[in-house]
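Me: I am new to this kind of picture, and I would like to learn how to read it step by step. Could we go through it together?

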Amino acid sequence: MVKHIVLFKLKNEVSVAEKQAVALKFKAAIEALPSVIPFIKHVEVGININPDEQWHIALYSEFNTLEEVKAYAVHPAHVAAAKLLADVKESRSCVDYES
């Protein structure tokens with residue numbers, strides 16, 4: 001099993017209301033992907049409720065193999081969901097590990 005964890009930091013100049021709206025759209029889009037990408041074993045998106053922390057969104061997903069993670073990354077439905085953050089994302093951090 002491969003666990004895929006991604007953290008997103010949104011730009012400081014983006015208002016709190018816009019960050020929340022974009023994060024909710026992103027969450028809905030990502031969490032809808034298993035119906036389109038059947039090899040996603042589990043996916044969830046968390047929106048940080050602690051304003052003292054620097055990362056705004058956490059994505060956690062599970063796949064059978066790293067090859068599936070790579071296929072997910074370029075899948076058109078995932079690419080479309082990722083574009084929701086394109087204008088507001090400052091940075092992204094990712095870890096893929098086996099368990």
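Me: In what order do the strands of the open sheet lie, and what is the sense of their pairing?

Reply: Keep in mind that this is a predicted model. Its open sheet is formed by 4 strands in the order β2-β3-β1-β4, and the pairing is antiparallel.

Me: Which are the edge strands?

Reply: An edge strand pairs on one side only, and here that applies to β2 (42-47) and β4 (89-98). Neighbouring strands of this sheet are turned against each other by 10 degrees on average, direction ignored.

Me: Over how many bridges do β1 and β4 pair?

Reply: Strand β1, which covers residues 2-10, pairs with β4 over 9 bridges in the antiparallel sense.

Me: At what angle do helix α1 and helix α3 pack?

Reply: The angle between α1 (residues 16-31) and α3 (residues 76-83) is about 170 degrees, and their axes are 9 Å apart. Because an angle over 145 degrees counts as roughly antiparallel, α1 is roughly antiparallel to α3.

Me: Which residues meet where α1 touches α3?

Reply: From α1 come Phe 26, Ala 29 and Ile 30, and they meet His 78, Ala 81 and Ala 82 in α3. The residues of this contact divide into 5 nonpolar and 1 polar, with no charged ones.

Key:
Residues numbered from 1 in each chain as written. Predicted model: local features only at pLDDT ≥ 70, side-chain atom pairs only at ≥ 80, totals over all residues. Heavy atoms only, no water. Axes fitted to C-alpha atoms, helices over the stretch in contact; angles between N-to-C directions. Helix = DSSP H or I, 4+ residues; strand = E, 2+ residues; numbered from the N terminus. Parallel < 35°, antiparallel > 145°, perpendicular 65-115°, else oblique. Contact = heavy atoms within 4.5 Å. Nonpolar A, V, L, I, M, F, W, Y, C, P; charged D, E, K, R; others polar. Pairing = 2+ DSSP bridges.
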